Amino acid sequence: MTGHQIAQQMAPQGVRIDAGGFRDFYEPEIRTVHLSRVTGDGKSLDDIVTASHECGHAVIDVLDGPMWRLWKFLAGATFNCLIFGIVALAVLAGWHPWEVAIAGSLVLVSRVFVVLAIEREVSRIALAWLDLNGHLQPGMRERLSEMSRTYWLSTLR
Ligand SMILES: [Zn+2]
C-alpha cells in the first residue's frame, strides 16, 4: 500500500487528500490532508506512518474534542489579540519587564504543551488505526512516537 492509499482509507468523510505536494501536513481550514509526492507514492514504513499520522490530525479535527478546541483557540487571532492587549495593559500599568516576560513565557509554554498533547494523541490514533486494519509493522510504534516528538515544532505558528 502507498501512503496515498492509506490516507484514502483512513481519512474521515469530508476530508480531502492532496497527494502531489512538497510537504506532509494537515490543513484544518480546508479539511485537507496534504501529502508530498514522496509520501503519496511511497510504500516504505516511513511513508505509511507519515500518511496515517497526517490523517490522525484530520480525525482529531473531525472529533473536535476539548484539547483540539483549546488548540484552535490558542492558535487563533482572538487569543493573539487578547495576549497583545494584556501585555500592553501590563506595560501601561507599570509592570516590571520581567513580570511581563514571565507571563508571556507561561503563555508560550501552555501553547507548546497543548501542541505536544495533540501530536501524541494524533500518533496514538494513527497507531490504533494501523493496528485495527492490519497494517502494523515492527518499528511503526517507535516511528510514530518519534514523529510526535519532532514534528510539534513545525506546528507552532
Ligand atoms: Zn503531527
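Reply: The crossing of α3 and α6 is right-handed, where a crossing is called left-handed if the near helix is turned anticlockwise from the far one by less than a right angle, and right-handed if clockwise. The model is a predicted one, in which local features need pLDDT of at least 70 and side-chain atom pairs count only at pLDDT 80 or more, while totals for chains, interfaces and linings use all residues. Residues are numbered from 1 along each chain as its sequence is written. Helices (H or I, at least four residues) and strands (E, at least two) are DSSP runs, numbered from the N terminus.

Me: At what angle do α3 and α6 pack, and how far apart are their axes?

Reply: Two packed helices are described by the angle between their axes and the distance between the axes. Here α3 and α6 pack at about 110°, and their axes are 8 Å apart; axes are lines fitted to C-alpha atoms, for helices over the stretch in contact, and angles run from 0 to 180 degrees between N-to-C directions. The two helices α3 and α6 are therefore roughly perpendicular to each other, given that angles under 35 degrees count as roughly parallel, over 145 as roughly antiparallel, 65 to 115 as roughly perpendicular and the rest as oblique.

Me: Which residues make the contact between α3 and α6?

Reply: From α3 come Ser52, His53, Cys55, Gly56, His57, Val59 and Ile60, and from α6 come Ile118, Glu121, Val122, Ser123, Ile125, Ala126, Trp129 and Leu130; two residues are in contact if their C-beta atoms, placed from the backbone, lie within 7 Å. By class, the contact of α3 with α6 has nine nonpolar, five polar and one charged residues, where Ala, Val, Leu, Ile, Met, Phe, Trp, Tyr, Cys and Pro count as nonpolar, Asp, Glu, Lys and Arg as charged, and the others, Gly among them, as polar.

Me: How do α4 and α6 cross?

Reply: The axes of α4 (residues 66-75) and α6 (residues 97-132) come within 10 Å and cross at roughly 140°, which makes α4 oblique to α6. The crossing in which α4 passes α6 is left-handed. On the α4 side the contact involves Met67, Trp68, Leu70, Trp71 and Leu74, which meet Arg111, Val114, Val115, Ala117, Ile118 and Glu121 in α6. By class, this contact of α4 with α6 has nine nonpolar, no polar and two charged residues.

Me: In what order do the three strands lie in the sheet?

Reply: Strands of a sheet pair through backbone hydrogen bonds, either parallel or antiparallel. In this model three strands form an open sheet in the order β1-β3-β2, with mixed pairing; two strands pair if DSSP finds at least two bridges between them. The edge strands, each pairing on one side only, are β1 (16-21) and β2 (25-27). Neighbouring strands of this sheet are turned by 25° against each other on average, direction ignored. Helix α3 (residues 45-63) packs on the sheet, where α3 touches β2 and β3, and its direction makes about 165° with that of β3. Strand β1 pairs with β3 (residues 32-36) in the parallel sense over four bridges, and arginine 16 stands opposite threonine 32 in β3.

Me: Is valine 15 buried or exposed?

Reply: Valine 15, in the loop between α1 (3-10) and β1, is buried, because 20 other C-beta atoms lie within 10 Å; a residue is buried if 20 or more other C-beta atoms lie within 10 Å of its own, exposed if 12 or fewer, and partly exposed in between, with C-beta atoms placed from the backbone. Leaving aside residues up to four places away in sequence, valine 15 touches Arg31, Val33, Ala58 and Val62. By contrast, glutamate 146 in helix α7 (residues 140-150) is exposed, with 12 other C-beta atoms within 10 Å. Of the 157 residues of the chain, 28% count as buried.

Me: Where is arginine 31 found, and what is its phi?

Reply: Most residues other than glycine have a negative phi, and most peptide bonds are trans. Arginine 31, in the loop between β2 and β3, has a positive phi of about 45° although it is not a glycine, and is partly exposed, with 15 other C-beta atoms within 10 Å. Aspartate 64, in the loop between α3 and α4, has a positive phi of about 55° and is not a glycine either; with 9 C-beta neighbours inside 10 Å, aspartate 64 counts as exposed.
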